[in-house]
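Work through the exercises below with the sequence and the model open. Try each task before reading its solution.

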Amino acid sequence: MPTLKIPTPLRPYTSGESTITLPGETVAEVLEALVERHPELKRHLLGDNGQLRPYVNLFLKEENVNQLQGLETPLTEGDTLLIIPSIAGGKEHRRDHAP
Amino acid sequence: MDSFLKINIPGGILEQIHSHCERSYPEEGAGLMLGKEEDDRRAVAYLFILENAREDAARHNRYLITAADMLAGEKEAKRLGLSILGIFHSHPDHPNQPSEFDREYALPWYSYLITSVQGGQVVDSKCWRLRDNRAGFVPEEIILTD
């Protein structure tokens, strides 16, 4: 089964676990298994539309899965998937509404 | 999460944050705060200052720390025996309250230090943590240390 590495800010929602082995043959299936096991993680990983929040990046063998097949990227036994956040923010909207 | 959250920041490190935010003005400046958390006591020990990765036109009101930056920050923290405790960024000509955009893109657990810079001069910094339900931020008291 693939392994998922959890970043520090999300570990309070995995009972402190930093590495979790989960069933799944694609990135989407592993994520589904993750939020099923740790439901409180869902709001921090997925938006209301069920898609990954924009700051959540998933890396497989040092490649962002967005550069592969996205959530449909296949995973095999022994693969390690890393959740790496990117951080964004800023003062209130004034001239633009794009993130 | 309660209102008694506190973060220890050495005065010299807060000065470095303020200097970086003033140098970045009128754009937003940002970086990572590295340190240790033991028994719920959080202490910043080192700054990992980063270039704002937003495109030029958006740097006046946005900052972006990429996944590659975060990986580099994690490696530096590990080398120093520290962790990434949070992120600092400036609000040029704007109060140091978190914006809706800050909330939308925030992660739990991290400390978010926001520095208000008015006309190129730092006014003040405040620190915040995202509520578990993502509904808003809880203030985190900054304790200045030597």
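**Exercise 1.** Which exposed residues does the face of α2(B) turned away from its buried side carry?

*Solution.* Start with conventions. Residues are numbered from 1 along each chain as its sequence is written, while chains are lettered from A and ligands numbered from 1 in the order in which they are written. The model is predicted: local features need pLDDT of at least 70, side-chain atom pairs count only at pLDDT 80 or more, and totals for chains, interfaces and linings use all residues. Helices (H or I, at least four residues) and strands (E, at least two) are DSSP runs, numbered from the N terminus.

Step 1. A residue is buried if 20 or more other C-beta atoms lie within 10 Å of its own, exposed if 12 or fewer, and partly exposed in between, with C-beta atoms placed from the backbone.

Step 2. List the buried set of α2(B): Asp69(B), Met70(B), Gly73(B) and Ala77(B). These residues cover an arc of only 95° around the axis, which puts them on the same side of α2(B). The arc is that of the directions from the helix axis to the C-beta atoms.

Step 3. Turn to the face away from that side. It carries the exposed residues Lys75(B), Lys78(B) and Arg79(B).

Step 4. Recall the helix geometry. An α-helix has 3.6 residues a turn, so residues three or four places apart point the same way.

**Exercise 2.** Compare the span of α2(B) with its expected value, then find what its buried side packs against.

*Solution.* Step 1. The helix covers residues 67-80 of chain B, 14 residues in total. The expected span is 1.5 Å times one less than the number of residues.

Step 1. From first C-alpha to last, α2(B) reaches 20 Å, close to the 20 Å expected.

Step 2. Look just past the helix. Gly81(B) has a positive phi of about 75° there.

Step 3. Find the packing partners. From chain A, β5 (80-85) and β6 (87-89) pack against the buried residues of α2(B). Contact here means C-beta atoms, placed from the backbone, within 7 Å.

**Exercise 3.** Describe the contact between chains A and B.

*Solution.* Step 1. Count the residues: 21 come from chain A and 27 from chain B.

Step 1. Assign the chain A side to elements. α2 (42-45), β5 and β6 of chain A each supply at least two residues. The largest share, three residues, comes from β6(A).

Step 2. Classify that side. It divides into eight nonpolar, eight polar and five charged residues. Ala, Val, Leu, Ile, Met, Phe, Trp, Tyr, Cys and Pro count as nonpolar, Asp, Glu, Lys and Arg as charged, and the others, Gly among them, as polar.

Step 3. Check the strands. β6(A) and β4(B) run antiparallel, joined by three bridges. One pair to locate is Ala88(A) with Leu64(B).

**Exercise 4.** What is the strand order of the open sheet in chain A?

*Solution.* Step 1. Write the element order from the N terminus: β-β-α-α-β-β-β-β.

Step 1. Apply the pairing rule: two strands pair if DSSP finds at least two bridges between them. The five-stranded open sheet then has the order β2-β1-β5-β3-β4, with mixed pairing.

Step 2. Identify the edges. β2 and β4 (63-64) of chain A each have a single partner strand, so one side of each is left without a neighbour in the sheet.

Step 3. Sort the pairings. β1(A) and β5(A) are parallel over three bridges, and Thr3(A) stands opposite Thr80(A). β3(A) and β5(A) are antiparallel over five bridges, and Leu58(A) stands opposite Ile83(A).

**Exercise 5.** Which residues of α1(A) are buried, and where is confidence in chain A under 50?

*Solution.* Step 1. In α1 (residues 27-37) of chain A, the buried residues are Val27(A), Val30(A), Leu31(A) and Leu34(A). They fall within an arc of 100°, so they line one face of the helix.

Step 1. Name the cover. It includes β1 (3-5), β2 (19-21), β3 (56-60) and β5 of chain A.

Step 2. Check pLDDT, the predictor's confidence in each residue, from 0 to 100. The chain A mean is 88, with 92% of residues at 70 or more. Over residues 94-99 of chain A it stays under 50.

Notes: Two residues are in contact if their C-beta atoms, placed from the backbone, lie within 7 Å.
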